[in-house]
Amino acid sequence: MIPRIHKRGKRTIGLLYYLYGPGTHEEHTDPHLVASWDGLAPDPGRADDFAATIKDLQRLLDQPLDNIDKHDRPRKHVWHLSVRNAPTDRILTDDEWADIARRMVAATGIDNPDHDGAGCRWAAVRHADDHVHIIATLVREDGYKPDLDHDAARAQAEARLLEAEYGLRRLNAGDGTAARRPTSAERHKATRDRRERTPREELREAVRRAVAGADGEAEFFDRLAATGLLVRHRVAPSGDLLGYTVALPDDRNGKGEPVFYSGSKLAPDLSLPRIRERWTTPAEPAAESAEEQPPAGLQPVAAGPAAARRRAASAVWQAVLVVDQGNDQTVAAQLAAAGEVLDALAKTSAAHTRRQLRDAAFAFERATRSHIRAARGHDQALRRAARELAYGGPALGRGEDGATTAMVIDMVFFLVTAAAHWHARKGHAQQAAAAREAAGHLRAAYRQSAAYPLGILHERGRQLALPLQQRQAAIVRAAVPELSERVLGEAGWPALAATLADARAAGHDPAALLTEAAGRRELETADSVSDVLVWRLRRLADLPADATALPPAGAGSTPPRQRPARATKNRSDQRRKAR
């Protein structure tokens, strides 16, 4: 159930004509009154003389205005609340909607019979199966004005109670940090224009992609202009830039003018002051090893899509550890930056994963904000990863590009899952639900991107000699005894066996690498533990994600060289110290 308080108005009769009229798209059916302040108000929808009755209803609603001086009347006295059920909810009766209307006017302060004094006059009109409209006059019968402080929040709280009582779809309680929903007019306009999303949503996505990994205002606005958006700057008399507005070139109002939205109207964190917070760069903890130290600032690294995805996978995995162990402000920064990584990944991915990644980024946007303010500066590794993804360019669907796409999606899935758990612990119901929704899209994108490279590795694993397969199984039993039987029984086991052989051939100690890879969090939540270990091992050992060009697994394998083994151990020690 979604209650929505609309903008206040000046003309009661105008709103009544809309509620009892056919609607802008002939969508109103059988408009009629279901409840009113005294239960005796006339119903134009059931009257023989519609024109006279609707004017009678308007005069009765506005009558309290005549009891006070004109200069004491509110400039906009018409209050309007709509209450809409989910499409999957059962159709409520008129009596049930009447009860809901009475509960809503009492909860919001319009007319509470439990309080002393007279309430406001109101009427509830139903013109569709799934929603009702409530119109009220913002002057009480005794001439006083109602107490409407936090009326929207009170309506939401009452809706949560009504959902439980009426067996309706139960929505998550909000905290006031969500982006503004498109209005019904915006949705209808998008349908007429055959848009998949409303202009507000398209602009929000475009601005988020433009800010992902941006290094400052100049680059941010250059990116916006490059997308073809119309951009206006709001400048103070001193010449300082105060804000911006954006519009789609083909989104026009009735006068043929572009419809501009300010950043704050798209999302709370897209106002220019909030965006500027991302560009603060205090010192951050050292990277996990000396060979992985990042460049200063967010300067782009010359790398193709595959290299950018490898570096992003490493940054994302470090963020998982922060979300597990960090303080709230640092975690909030990591989640905000994770949204930038998802935006950049969706923008640069191949066609077969682009839709699911775009939907994941769209859903996770809600999980990037809460009342816990981000400690900016601790998010630079992820923001750098987003920047490198953007500068790395579009990825191909196959080869190393496609395989590293599967690698980074696998890592991002664990970060988003960790975000869902963190939000749930903090009581952020909407954010936790958004993260879980994003995880579902990421799982689908992973299956699309991983099928081919894992198929190659699976075939390589099946070709291993039996003694080598047995040796790899023994390594697994020693490194992950609690998960070994599950891993060895999974369909992905041959791909992991091939990866262990590839690591050995590259001079690494496969047992040491597997122990390190398995020591990280969240393995138990994976659909396939062997898949997760494949990507972790190939990233840790710097093995090609695409094994197409490699010699057969195990061919010419040699015992691990001592120096790389020590390097692996040193890197593990350094990572433990960094954690």
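# A guided walk through a predicted model

Visitor: At roughly what angle do helix α11 and helix α14 cross?

Guide: Keep in mind that we're looking at a predicted model. Helix α11 covers residues 328-348 and helix α14 covers residues 399-426. Their axes come within 11 Å, and they cross at roughly 140°.

Visitor: Which word describes how α11 and α14 lie to each other, oblique or roughly perpendicular?
Guide: The two axes cross at roughly 140°. Angles of 65 to 115 degrees count as roughly perpendicular and those over 145 as roughly antiparallel, so the value here falls into the remaining class. That class makes α11 and α14 oblique.

Visitor: And is the crossing of α11 and α14 left-handed or right-handed?
Guide: Handedness is a separate matter from the angle, so look at how one helix is turned against the other. The way α11 passes α14 is left-handed.

Visitor: How many of the residues in the contact of α11 with α14 are nonpolar?
Guide: On the α11 side you'll find, among them, Val 331, Leu 335 and Leu 345, and α14 brings residues including Ile 409, Val 416 and Trp 422. Sorted by class, the contact has one polar residue and two charged ones, and its nonpolar residues number 13.

Visitor: Is Thr 330 buried or exposed?
Guide: Thr 330 sits in helix α11. Leaving aside neighbours within four places in sequence, Thr 330 is in contact with Val 322, Ala 375 and His 378. Buried means under 20% relative accessible area, so at 12% Thr 330 counts as buried.

Visitor: What is the relative accessibility of Asp 379?
Guide: Asp 379 is in the loop between α12 (351-364) and α13 (380-392). Not counting residues up to four places away in sequence, Asp 379 touches Ala 333, Gln 334 and Ala 337. Asp 379 counts as buried, and its relative accessibility is 0%.

Visitor: How far apart in space are Asp 379 and Leu 335, C-alpha to C-alpha?
Guide: In sequence, Asp 379 and Leu 335 are 44 residues apart. Leu 335 is one of the α11 residues that meet α14. From C-alpha to C-alpha, the distance between Asp 379 and Leu 335 is 8.5 Å.

Visitor: Where is Ala 128, and is it buried or exposed?
Guide: Ala 128 has its place in the loop between β4 (120-126) and β5 (131-140). Ile 91 is 37 residues away in sequence and 9.8 Å away in space, C-alpha to C-alpha. With a relative accessible area of 14%, Ala 128 is buried.

Visitor: How are α15 and α18 placed, oblique or roughly perpendicular to each other?
Guide: Helix α15 (residues 429-462) and helix α18 (residues 493-505) have axes 7 Å apart and pack at an angle of about 75°. Leu 454 and Arg 460 of α15 are among the residues making the contact, as are Pro 494 and Asp 502 of α18. By class, the contact has five nonpolar, three polar and three charged residues. Going by the angle, α15 and α18 are therefore roughly perpendicular.

Visitor: Is Asp 542 buried or exposed?
Guide: Asp 542 lies in the loop between α20 (529-540) and α21 (562-578). Phi of Asp 542 is near 55°, a positive value in a residue other than glycine. Exposed means over 50% relative accessible area, so at 59% Asp 542 counts as exposed.

Technical notes: Residues are numbered from 1 along each chain as its sequence is written. This is a predicted model: local features need pLDDT of at least 70, side-chain atom pairs count only at pLDDT 80 or more; totals for chains, interfaces and linings use all residues. Side-chain values use heavy atoms; hydrogens and water are left out. Axes are lines fitted to C-alpha atoms, for helices over the stretch in contact, and angles run from 0 to 180 degrees between N-to-C directions. Helices (H or I, at least four residues) and strands (E, at least two) are DSSP runs, numbered from the N terminus. Angles under 35 degrees count as roughly parallel, over 145 as roughly antiparallel, 65 to 115 as roughly perpendicular and the rest as oblique. Contact means heavy atoms within 4.5 Å. Ala, Val, Leu, Ile, Met, Phe, Trp, Tyr, Cys and Pro count as nonpolar, Asp, Glu, Lys and Arg as charged, and the others, Gly among them, as polar. Buried means under 20% relative accessible area, exposed over 50%, partly exposed in between (1.4 Å probe, protein chains only).
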